[in-house]
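Hi everyone, thanks for coming.

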Amino acid sequence: MSNFDDECAAPEDVAAIAAASLTRTLAVRRVFIITLVLNAAVALTKAGYGYAAHSLSLGTDSLHSMLDASANVLALLGLHWAAAPADARHPYGRRKIEILAALGIGVLIAIGMFEFAVAAVRSLLGHGEPPTIGVGGFAVVLATMVVNAFVTRYEGRRAHELGSSLLHADARHTKSDLYASAAVLASFLAVRAGFAWADGVAALVVVGLVSHVAWEVFSENIPILIDTAILDPGGVVDVARAVEGVEGIHRVRSRGVRHAVELDLHLQVGSDLSLREAHALSRQIEAELRVKFPALSDVVIHVEPAARAAEPEPKPGADDKPK
């Protein structure tokens, strides 16, 4: 290997950063696998009892839990695609498949919510079969609320330990399921008290909650498809300017998904800096950026000479004064 390659190699801590990033990704993936199993179990339990008891509210709430499980699947796929190398046909990877899948799930949820809303209205008008809520219904809802509470706390704790915004977002998402389950539980109490219409009302309340979640799916993913900035340019500039030898940073651009961000920027260096030194400096900046922003999947730094300030014209001397 030439001296040029040695001098331009990444700093020694880059390998350690890569290893730590892989360990962190595997830990995040493990959390999502556990929560996926729990969310799927909750969704199937709610759907099964809701169908058996003719409960629209519980059936609607099962869709909410299915949305939680779907989010876990998308997160796992996203982590897999973020780690997969790009190829000749996909030079930027395949991460936007995750976004298309999320939008597809959002559409399916919206269709399901419309169907449940129609059924809830028909129930309120007396055209539906009244629910038969037994002790098992309360046990199902309470048990699923306990599971959701555990998932929320577990994900939140691991998100803090691993510094994962993806886990934080999923924990908030799962927490919203607790409110829907509380509405279902209230409707069960009302139905047992003789108010059969409470099931339809609760179903409409849950439709509203789940529709809000579906709207969040669209509002979070559509901007990614149109390459909305992911990182604050000011934060990137602050990290890069702290490295000795940097004259200026501009044209900071970012795009991608939360857990796989693509970043490019222009680095200005002194014109007396050699190509080897400028390249080594850019690699050092990349390493510092990856420490500050662990979600970075690709960093492109364009090196250019810093513009020199125009030298002031010399003041006229005594000999230059007009005679």
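Before anything else, a word on naming: helices (H or I, at least four residues) and strands (E, at least two) are DSSP runs, numbered from the N terminus. What you see is a predicted model, where local features need pLDDT of at least 70 and side-chain atom pairs count only at pLDDT 80 or more, while totals for chains, interfaces and linings use all residues. Residues are numbered from 1 along each chain as its sequence is written, and side-chain values use heavy atoms, with hydrogens and water left out.

Okay, the overview. The protein chain has 9 helices and 3 strands. Reading from the N terminus, the order is α-α-α-α-α-α-α-α-β-β-α-β. Of its 323 residues, 41% are buried; buried means under 20% relative accessible area, exposed over 50%, and partly exposed in between, with a 1.4 Å probe and protein chains only. Now contacts, meaning heavy atoms within 4.5 Å. Among those between residues at least 6 apart in sequence, 74% join residues at least 24 apart.

Next, the inside. A nonpolar core here is a set of buried Ala, Val, Leu, Ile, Met, Phe, Trp, Tyr and Cys residues joined through side-chain atoms within 4.5 Å. The largest one has 31 residues, and Ile 109, Val 141 and Phe 188 touch the most other members. At least two residues of this core come from each of helix 2 (13-53), helix 3 (56-83), helix 4 (96-124), helix 5 (135-162), helix 6 (165-192) and helix 7. Helix 6 gives the largest share, 8 residues. Leaving out residues up to four places away in sequence, Ile 109 touches Leu 63, Leu 67, Val 210 and Ala 214. There's also a second, separate core of 21 residues, including Val 239 and Leu 296.

Now, pockets. On a 1 Å grid over the protein atoms alone, a pocket is an open set of points where a 1.4 Å probe fits, with protein on both sides within 12 Å along at least five of seven lines; lining residues have an atom within 4 Å of a point. Which residues lie nearest the centre of the second largest pocket? They are Ala 71, His 173, Val 217, Glu 220 and Arg 258, out of 28 in the lining. Helix 3, helix 4, helix 6 and helix 7 each supply at least two lining residues, and helix 7 has the largest share with 8.

Let's stay with helix 7, residues 198-225. Its 28 residues reach 41 Å from first C-alpha to last, close to the 40 Å expected at 1.5 Å a residue; that expected span is 1.5 Å times one less than the number of residues. Just after helix 7 comes Asp 227, with a positive phi of about 60°. Asp 227 sits in the loop between helix 7 and helix 8 (233-241) and, at 34% relative accessibility, counts as partly exposed.

His 54 has a positive phi too, near 60°. That one is in the loop between helix 2 and helix 3. Most residues other than glycine have a negative phi.

Last stop: Ser 282, in helix 9 (residues 275-292). Is Ser 282 buried or exposed? Buried, with a relative accessible area of 7%. Not counting residues up to four places away in sequence, Ser 282 touches Leu 267, Ile 301 and Val 303. That's my tour, thanks!
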